[in-house]
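Please read this briefing alongside the model. It covers confidence, strand pairing and helix packing.

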Amino acid sequence: MINQEKQGAEQTDGQREATSSGLPIYFAKTLAGMERLLKDELVELGATDLVVVRRGVEFGADMSTLVRICLCTRFAIRVLRPVLWFKAENTDALYEEATKWEWGSVMNPSATFAIDVTAHSEYFTHSQFATLRLKDAIVDHFRTSSGIRPNVDRENPDVRIHLHINQNQVTISLDASGRPLARRGYRPIGAKAPLSEVLAAGLLAKAGWTPDIPLYDPMCGSGTFTVEAALWADGYPIQWHRRKFAFMDWRGFDEEVWWDVRDDLKSERQFVESTIHTSDKDYGAVSQTRAALSNMELDGRAELGRSDFFKLIPRDDSGIVVINPPYGERMEVDDLDAMYSAIGDRLKSHWAGFSAWIISSDFDALKRVGLKHSSRETMYNGPLECRWVGFELYEGSQEKKGSLAEELPAVTDGVSPEVITEEDSSVVTNETLPDAASDAAEAS
Ligand SMILES: C[S@@+](CC[C@H](N)C(=O)[O-])C[C@H]1O[C@@H](n2cnc3c(N)ncnc32)[C@H](O)[C@@H]1O
């Protein structure tokens, strides 16, 4: 088995056609910093012949392993099947090579398609133009061979094609899943995600969380940490509800394989009764998280309530608290510094026994937390460079000067600044704080 690491290229240049045992080669893409997690996950799911590269892992798999991977992976953004690779130094050469290829082996002339592109090349400086030429090549190929012209559908294509250009090395792949794997189905379509689903899953794993450890998500926002954790604890594959993957339209796809893999996964399911406490000071955020859990049929899997973090007292003696505080966009720098400092104070004074993890792109504010970190890693939330910083909180182990926690005014973020009393606040449950009525009760 090949198991080597290769840095610096997004995809291997000399594309392997197949593994030594004849399995097709796939390429799973992930976020920078999550390659190791993905590799371990793929091994567990049955992939072989793995090669780790920057932002991805190349692997071999038979069809049932591919189905298993697409249904289960929490750390891959997409899974690609390279079908054509060649060297080209301009878009005409790309067009020539791509027109010659037998596109009928992977799609019908009447199918719709879309092309994504990643390019790191001195030869192809306008990646969108390269995409356009590949589109022309596919359309012209079918027009000449069958007289039928396939159409582009950017939103919901039958076949999603990925064009990767690394200098003069062109690799054309089919996307095995179609709709990106990061979309789990719990966000409303088109909703802006403050934290990407794949990143949240990776951050939980990097924090050392497993479903048997109590988890606190006290600034839950739209609930990405909470839903990813609940899905993990639930034990069903993360894409269990999804019935359509692009590989189903590939020539030779055997539907039996799909049902067999689903049966196996169902019988292998390991449910863990986990403890997840989720809160936010913004009622809308709590509602959004509740809806997201409900969309995945995970109602009740997290204790959910509105609460101000600065009044929150954990119910458990130990566990993991993950925090994605506001950063920058809606707050003055001074307020932000004060807030992060107050978070540090609060963690120190009320969360002894816990591991606390904070993700933020505001590095100056992060320094204001004022606690000695045990771990710090650079991660990317979309294009935003962030730090994922871990703190081990021991009784009286960290000295902080000038506590701000008591002085900090309620941070409003545009919502009413009323707070829950400290005695009442340790994560209020759905039952005790239902909907708008609870707002009124709390304010009174
Ligand atoms: C960057 S967003 C979190 C995004 C979240 N990770 C997600 O998946 O959508 C920050 C959240 O912190 C909340 N927040 C700010 N101050 C708070 C406080 N004092 N107590 C509780 N929540 C707070 C905001 O209401 C907002 O929802």
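Residues are numbered from 1 along each chain as its sequence is written. Helices (H or I, at least four residues) and strands (E, at least two) are DSSP runs, numbered from the N terminus.

**Confidence**

- The protein chain has a mean pLDDT of 85, and 85% of its residues reach 70 or more; pLDDT is the predictor's confidence in each residue, from 0 to 100.
- Residues 1-13 have pLDDT below 50, and this stretch makes 35 contacts in the model beyond near neighbours in sequence. Two residues are in contact if their C-beta atoms, placed from the backbone, lie within 7 Å.
- Residues 397-444 also have pLDDT below 50, with 72 contacts beyond near neighbours in sequence.
- Where pLDDT is low, the predicted coordinates should not be read in detail.

**The seven-stranded sheet**

- Seven strands form an open sheet with mixed pairing, in the order S12-S11-S10-S13-S14-S16-S15. Two strands pair if DSSP finds at least two bridges between them.
- Strand S12 (303-306) and strand S15 (375-381) are the edge strands, each pairing on one side only.
- From one strand to the next, the twist averages 20°.
- S15 pairs with strand S16 (residues 384-392) in the antiparallel sense over seven bridges, and Asn381 has Leu384 of S16 as its bridge partner.

**Helices across the sheet**

- Helix H6 (residues 224-234) lies across strand S10 (215-217), strand S11 (276-280) and strand S13 (319-323), and runs at about 165° to S11. Axes are lines fitted to C-alpha atoms, for helices over the stretch in contact, and angles run from 0 to 180 degrees between N-to-C directions.
- Helix H8 (residues 283-295) lies across S11 and S12, running at about 160° to S12.

**A hairpin**

- Strand S3 (residues 48-53) and strand S4 (residues 56-60) are antiparallel partners over four bridges, and Val53 is bridged to Gly56 of S4.
- Two residues lie between the strands of this hairpin, where Arg55 takes a positive phi near 65°.

**Helix packing**

- Helix H2 (residues 63-72) packs on helix H7 (residues 255-268) at an angle of about 55°, with axes 9 Å apart. H2 and H7 are therefore oblique to each other; angles under 35 degrees count as roughly parallel, over 145 as roughly antiparallel, 65 to 115 as roughly perpendicular and the rest as oblique.
- Residues in the contact include Met63 and Val67 of H2 and Trp258 and Leu265 of H7. By class, the contact of H2 with H7 has seven nonpolar, one polar and two charged residues. Ala, Val, Leu, Ile, Met, Phe, Trp, Tyr, Cys and Pro count as nonpolar, Asp, Glu, Lys and Arg as charged, and the others, Gly among them, as polar.
- Helix H5 (residues 197-206) and H6 cross at roughly 70°, and their axes come within 9 Å. That makes H5 roughly perpendicular to H6.
- Glu197, Ala200, Ala201 and Leu204 of H5 meet Thr224, Phe225, Glu228 and Ala229 of H6, a contact with five nonpolar, one polar and two charged residues.
- Helix H3 (residues 91-100) and helix H4 (residues 127-146) pack at about 30°, with axes 8 Å apart, and are therefore roughly parallel to each other.
- The contact of H3 with H4 divides into eight nonpolar, three polar and three charged residues.

Note on methods:
This is a predicted model: local features need pLDDT of at least 70, side-chain atom pairs count only at pLDDT 80 or more; totals for chains, interfaces and linings use all residues.
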